[in-house]
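The sequence and structure are shown first.

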Amino acid sequence: MGKLNIFICDSYIDNYREALDELKISDIELHGYTNICQKNNSNTVLNSLNNSSDMLVIAPSTCPAVSKIKDSHKHMYNTDYCVEHLVDRHTYNELLTVKSYIITKGWLCNWEENIKTLGFDENTIKKFFSEWCEKIVLLCSDYDSGIKSALNQLSSHIDRPVEILQVSLSNTKNIIERNYYKWKFETSQKENYIEKNELKQKVVESKTVRKLINEIISTVSRVELEQKLSAFWKMLFGAGKVEYQFFQDEEPLSSQPYIYNEDKNQLVCHLVANKICLGQCTVEGFLFPDKIDKYHDLIIVMINISSISFSTVLEREKLLFLNNRLKLSFDSVNDGLISIDAKDRISLINPRARIFINRFSVAPIDFSGISHIEDIKSGEWDKIQNLYKRVKAELKPLNLEKPICAIQDGEEFSVKCRIAPIETNKKSFRGALITLKDISLDERLFKSRLKVQRLEGISSVASGIAHEFNNALYSIMGYVELALDGTSEGTPPYSDLSKALDSIDKTKRLSNKLLTLSEGGEPRKAYTDIITVIETVLSKLTIGDTITIVKYFEAPLPELLIDSTQMSVVLTNVLQNAIESFNENK
């Protein structure tokens, strides 16, 4: 039997060599072909392939390599996406979501040539990456100085930050092993049953299975758990595809732990924990479907282990989520909060509390080394320590009698302190919560409110005086205007009355300024009987014998929301103009 020749893209050839060295499989030979997705010309390596069963091309179904050789070469292994060799789909989707451009060590070694073949120069490549790419992510299983230097050059060239994502070679190894054992089965002679049995035994080697199960049990990450369970199915049964689906709501329990569809070569496992169906695992494309019945008990055990592991991981994710929400809420509170545990250690302190405590001290306190409440000894923190001891002894909430004085930028301000105990079910001390509240703002607001109230009172008095003054002023102005109408121009009385009218006008403007200052110039509206306002205005007018005013009011009229003083001025001016126009036309 010869060797299996595996052809893989240059971008991944280094990863496959490393994985093959760890697997120690001697009858596999790796060959790299040019990164076709960057080239328009054909690939001489792929074009030279024949239909030999000893030759295998590994490429994603979307790779141009598939279209170039699919008609002439039948031995291919298609991955779902380009970097499936190194990361699972969940990680791949997350990287795409945050606008990452994913590269490999093989691509990085020839990054200048790869960028040139994309058709960009130094300016256009920066513009291209700045428009849709947030960062460059290198998938790397090992790291050396050469990689670091190339990454820095690439980052400078395209003006994007770079990030290294350390990956394992478990996916790469699974792909190699799956195709290697499949090739061994297909090329071995049918009558050589001993060799086949030895190969099958190698796939299900008990030591490897036990090691994998131990890794599964100890896993705390959902993504890693899915990867290791997928590796189990692929290693034991040669599974081609493993998918997990989790339910948001409680699903009805199935009477069977798993269902095997022989026609579809598909196994559906139900993940159940605490009588709740968490989800299901779908396994497809078995190379060894005959083992499903043979290893029925092992499958049951694996389903139980998977269910318990996923239940633990999902609960842990919920707790981490709630803990993050609690911390976010704790940090966003405007008051300073300090949580103390039963051993008098500071377990949690929000940013606001750090600011307050540092203001009590002459020099800022480094909280990184604080583990015990007595470790802070400066400023007025001593008062808080004494209050804490009382709360711990009396098991009841207490407030400091006087606010603590803090200083910032030479200005003093007050901080109110309250400590509440945290008790166990047996009414014993479990910890305490210290609340620090800056009350200097409340004090300033209270003083400002008193000042505003005094100003409002002065404004109200000034407004009332100005209105009463205007009322008297308009009456004086009306009588002066009537006297002026009955006086001949050029006489001393006419001159004196004109000067008096000018003085009244100046006084009126001063009065209006006072109203503007006290009320902002807004009218003083009130529900008023408009007939009364009209009668008052008519009584102050000098009409003469030649003019008769006819009044016709529909009683009762509703009261109007008006400023009676301003309305009196308007009516007086309108009527006075009408009288003057009538006398001139006469």
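## Basis

The model is predicted: local features need pLDDT of at least 70, side-chain atom pairs count only at pLDDT 80 or more, and totals for chains, interfaces and linings use all residues. Residues are numbered from 1 along each chain as its sequence is written, and side-chain values use heavy atoms, without hydrogens and water.

## The second largest pocket

A pocket is an open set of points on a 1 Å grid over the protein atoms alone, with protein on both sides within 12 Å along at least five of seven lines; lining residues have an atom within 4 Å of a point. The second largest pocket has a volume of about 700 Å³, a volume being the space filled by probe spheres set on the points, which are joined across faces, edges and corners. Of its 25 lining residues, Tyr 81, Asp 88, Arg 89, Ser 230 and Val 242 are the closest to the centre.

## The largest cavity

A cavity is a set of grid points where a 1.4 Å probe fits but cannot get out. There is one cavity of 30 Å³ or more, and the largest has a volume of about 30 Å³. Its lining includes Leu 229, Trp 233 and Ser 306.
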